[in-house]
Amino acid sequence: MKTISEPSVINPSILVLAALVVAVLFVALKGIKLPLLSNPKIALGILIVLGVTICSQGGIGRIAATGSWTHPQAILGYILGTVILLVAASIFFNFKLPSSPASSKPS
């Protein structure tokens, strides 16, 4: 049986990128005005770029390396990635996403 050699998922570059994600979220949510983060769309774009970079640093993963493309974790990843891209596209292109019926009730 052939074993798959996989490097550690957590490495210093991923930790630095994760710290940058936390910093961008903190600045964006606190409303601190910085030249680069003055707009929510720019902050979201930075978070997307950082997220893609973190994913690329982690490697292809055991599911993809073994060719288990229909594994439940892989399908969950496809769904989560699609939702993230839809939310990002709706923010960048000013689309209105459907809201839940509970959130449309007047208070």
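Student: Is leucine 85 buried or exposed?

Tutor: This is a predicted model, and leucine 85 lies in its helix H4. The cut-off for exposed is over 50% relative accessible area. Leucine 85 has 59% relative accessibility, so leucine 85 counts as exposed.

Student: What distance separates the C-alpha atoms of leucine 85 and isoleucine 48?

Tutor: Isoleucine 48 belongs to the H2 side of the contact between H2 and H4. Along the chain, leucine 85 and isoleucine 48 are 37 residues apart. The separation of their C-alpha atoms is 9.0 Å.

Student: How many helices and strands does the protein have, and what pattern do they follow?

Tutor: The protein has four helices and zero strands. Read along the sequence, the pattern is α-α-α-α.

Student: How are the axes of H1 and H2 oriented to each other, parallel or antiparallel?

Tutor: The two axes come within 10 Å and cross at roughly 165 degrees. Angles over 145 degrees count as roughly antiparallel. The crossing of H1 and H2 is left-handed. With that angle, H1 is therefore roughly antiparallel to H2.

Student: Which residues of H2 meet H1, and how do the residues of this contact divide by class?

Tutor: On the H1 side are Ser13, Ile14, Leu17, Ala18, Leu20, Val21, Val24, Leu25 and Ala28. Their partners in H2 are Ala43, Ile46, Leu47, Leu50, Thr53, Ile54 and Gln57. By class, the residues of the contact of H1 with H2 are 13 nonpolar, three polar and no charged.

Student: Is threonine 53 buried, partly exposed or exposed?

Tutor: Threonine 53 is found in helix H2, and its C-alpha atom is 7.9 Å from that of leucine 17, 36 residues apart along the chain. Buried means under 20% relative accessible area and exposed over 50%. Threonine 53 has 27%, so threonine 53 is partly exposed.

Student: Which residues is alanine 43 in contact with, leaving aside neighbours within four places in sequence?

Tutor: Alanine 43 is one of the residues of the largest nonpolar core, and is also on the H2 side of the contact with H1. Leaving aside those sequence neighbours, alanine 43 is in contact with Val24, Ala28 and Leu37.

Student: Are H2 and H4 roughly parallel or roughly antiparallel to each other?

Tutor: The axes of H2 and H4 come within 10 Å and cross at roughly 150 degrees. The limit for roughly antiparallel is over 145 degrees. H2 and H4 are therefore roughly antiparallel.

Student: What is the handedness of the crossing of H2 and H4, and which residues of H4 make the contact?

Tutor: The crossing of H2 and H4 is left-handed. From H2 the contact takes Lys41, Leu44, Gly45 and Ile48. By class there are five nonpolar, one polar and one charged residues in the contact of H2 with H4. The H4 side is made by Ala88, Ile91 and Phe92.

Student: Is serine 90 buried or exposed, and which residues does it touch?

Tutor: Serine 90 is found in helix H4 (residues 72-92). With a relative accessible area of 9%, under the 20% limit, serine 90 is buried. Not counting residues up to four places away in sequence, serine 90 touches Phe95 and Leu97.

Student: Is alanine 64 buried or exposed?

Tutor: Alanine 64 is in helix H3 (residues 61-65). Its C-alpha atom is separated by 8.0 Å from that of alanine 74, 10 residues apart along the chain. At 14% relative accessibility, alanine 64 counts as buried.

Student: What percentage of the residues in the protein is buried?

Tutor: The protein has 107 residues. Serine 90 is buried, and so is alanine 64. Of the residues in the protein, buried ones make up 12%.

Note on methods:
Residues are numbered from 1 along each chain as its sequence is written. This is a predicted model: local features need pLDDT of at least 70, side-chain atom pairs count only at pLDDT 80 or more; totals for chains, interfaces and linings use all residues. Side-chain values use heavy atoms; hydrogens and water are left out. A nonpolar core is a set of buried Ala, Val, Leu, Ile, Met, Phe, Trp, Tyr and Cys residues joined through side-chain atoms within 4.5 Å. Buried means under 20% relative accessible area, exposed over 50%, partly exposed in between (1.4 Å probe, protein chains only). Contact means heavy atoms within 4.5 Å. Helices (H or I, at least four residues) and strands (E, at least two) are DSSP runs, numbered from the N terminus. Axes are lines fitted to C-alpha atoms, for helices over the stretch in contact, and angles run from 0 to 180 degrees between N-to-C directions. Angles under 35 degrees count as roughly parallel, over 145 as roughly antiparallel, 65 to 115 as roughly perpendicular and the rest as oblique. A crossing is left-handed if the near helix is turned anticlockwise from the far one by less than a right angle, and right-handed if clockwise. Ala, Val, Leu, Ile, Met, Phe, Trp, Tyr, Cys and Pro count as nonpolar, Asp, Glu, Lys and Arg as charged, and the others, Gly among them, as polar.
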